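Dear colleague,

Please find the structure below, followed by a short account of its side-chain contacts.

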Amino acid sequence: MDVDAVKQFLTGLQQTIVASLSGIDGRAFRRDEWSRREGGGGITQVLEDGVAFERAGVNFSHVSGPNLPPSASAGRPELAGRSFQALGVSLVLHPRNPYVPTAHMNVRFLVAEQDGAAAVWWFGGGMDLTPYYGFEDDARHFHAACRDALAPFGAGYYPRFKLWCDEYFHLRHRGEPRGIGGIFFDDLNEPDFNRAFALTCSVGEHFLPAYEPIVQRRRNEPYGERERDFQAYRRGRYVEFNLVYDRGTLFGLQSGGRTEAILMSLPPRVEWRYDWKPEPGSPEAKLYTEFLIARDWAD
């Protein structure tokens with residue numbers, strides 16, 4: 001186990017992604033370094049009111065504390081009460097153009113320690129896509145990149161992590177997925193540290209190849225208030241998931257993380273409407289009938 005190697009990779013990944021997104025948008029990210037009283041800190045980099053991105057946040061954090069937060073120990077109650085270190089890069093990108101999908105990615109590493117006992121560690125992460133107006137070539141491209149990220153580690157990882165993503169990013173109170181999914185994994189410590197670390201690195205490194213071509217392909221599509229209104233309505237689903245279900249949000253808040261950094265994932269403009277339904281046969285209805293359903297996009 002090499003915490004320093006993980007930190008070096010994560011800080012480099014953050015800088016690479018920020019540089020690429022800044023190049024797409026033409027504007028620089030604001031950079032905030034912060035520290036936390038209980039231990040550790042991080043670097044928040046945010047772009048707001050940009051040309052391509054209405055809000056883009058790319059966070060690095062390395063926090064520690066005497067007690068593992070409940071969201072991390074819920075699945076491993078035997079680790080409750082242990083001290084911890086948690087490192088990760090997390091990003092959420094909310095584009096301005098409704099034809100460009102929202103994207104999320106994170107890669108993380110957590111160590112739980114206790115005197116007289118062996119340290120317990122694991123990796124987690126993934127990426128997923130949330131379109132407002134679906135395009136099959138975009139969905140296939142994104143999932144193919146997810147599959148390519150995992151292919152060197154075994155053919156079984158992509159279908160396993162895709163299903164995990166479909167099940168995780170699901171709004172149970174709505175009975176619908178947040179978007180078209182991608183890949184998601186947690187508690188990864190097999191077969192050993194080096195292999196699990198390499199897989200996690202590959203996921204992080206494949207985010208830009210998965211997402212950047214979609215942004216470039218759709219960013220100049222013409223749109224009007226109808227499309228912006230639908231984008232704002234569907235963003236409401238994103239907010240609901242992040243505040244009700246997302247384990248990363250819960251972990252950050254429970255561990256005393258920086259609230260501004262944690263909640264940068266929320267979109268700047270969002271709307272809720274009572275019992276709204278899209279007009280049958282409309283482009284908005286197509287999102288529900290052809291994209292917010294289980295599909296094997298990579299195949």
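Glu38 is partly exposed at 41% relative accessible area (buried means under 20%, exposed over 50%, partly exposed in between; 1.4 Å probe, protein chains only). Its salt-bridge partner is Arg36, at 3.9 Å from N to O, and Arg36 is buried at 10%. A salt bridge here is a side-chain nitrogen of Lys or Arg within 4 Å of a carboxyl oxygen of Asp or Glu; the count comes to 27.

This is a predicted model, in which local features need pLDDT of at least 70 and side-chain atom pairs count only at pLDDT 80 or more, while totals for chains, interfaces and linings use all residues. Residues are numbered from 1 along each chain as its sequence is written, and side-chain values use heavy atoms, with hydrogens and water left out.

Arg234 and Glu176 form another salt bridge, with the closest N and O atoms 2.9 Å apart. Both Arg234 and Glu176 are buried. Asp229 and Arg269 also meet in a salt bridge, at 3.1 Å from N to O; Asp229 is partly exposed at 25%, as is Arg269 at 23%. Salt bridges with shared partners join Asp137, Asp138, Arg217, Arg218 and Glu221 into one network.

Arg218 also lies over the face of Phe135, 3.7 Å from the ring centre (the criterion being NZ of Lys or CZ of Arg within 6 Å of the ring centre and within 35 degrees of the ring normal). The charged end of Arg273 sits over the ring of Trp276, 5.6 Å from its centre.

Yours sincerely
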